Amino acid sequence: ANIWGIIIFGLINIFAMWKLKYWEGLFAVGAGGFVFMTGMVDRYAYEGVVLGLILVGKQFKLLKWWILWSVIFWLNLYNQWWIPYSFEPLKQLMLGQEGLVTRGLSLITVITFIKFIAVIHKVNPSQPPKQRLGSFRK
């Protein structure tokens, strides 16, 4: 899984440099690192959540995917700390079935990331990006 994560993350970086605009590329790299690199801690997802919100301000059709991403991010944080204690049924749900719920959330996170990038790329695919991450050309 570690090697596959590195390969996928490298492909995301190449795609972001050549196919996405600046903010979109930053989101792809920041969020993609959290989603596909193994052993990432939750704090590394903050970049993706914040940059995703910035992109929602520019492309409102991303709102539903950002909300889903944010809810899963919150559940992931809750899965680590279990506070507030009033959410005990949620804790039991996430701990039960040998981690099936958390694995399902991980799968939904990957699907949400892919859908977010697909929507970003569909917005204006025929025009070349005005400002690319990996390009210094004018």
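Helix α1 (residues 2-19) and helix α2 (residues 22-36) have axes that come within 9 Å and cross at roughly 175 degrees, where axes are lines fitted to C-alpha atoms over the stretch in contact and angles run from 0 to 180 degrees between N-to-C directions. The crossing makes α1 roughly antiparallel to α2, a term for angles over 145 degrees. This is a predicted model, in which local features need pLDDT of at least 70 and side-chain atom pairs count only at pLDDT 80 or more. Residues are numbered from 1 along each chain, and side-chain values use heavy atoms.

The residues that make this contact (heavy atoms within 4.5 Å) are listed below.

| α1 | Gly5, Ile8, Phe9, Ile12, Asn13, Ala16 |
| α2 | Gly25, Ala28, Val29, Gly32, Gly33, Phe36 |

They divide into seven nonpolar, five polar and no charged residues, with Gly counted among the polar ones.

Buried here means under 20% relative accessible area with a 1.4 Å probe. Leaving aside its neighbours within four places in sequence, Phe116 is in contact with Phe27, Gly52, Leu55, Leu62, Trp65 and Trp66.

The buried residues of α6 include Phe113, Phe116 and Ile120, and what covers the buried residues of α6 includes α1, α2, α3, α4 and α5 (88-95).

Technical notes
Helices (H or I, at least four residues) and strands (E, at least two) are DSSP runs, numbered from the N terminus. Angles under 35 degrees count as roughly parallel, over 145 as roughly antiparallel, 65 to 115 as roughly perpendicular and the rest as oblique. Buried means under 20% relative accessible area, exposed over 50%, partly exposed in between (1.4 Å probe, protein chains only).
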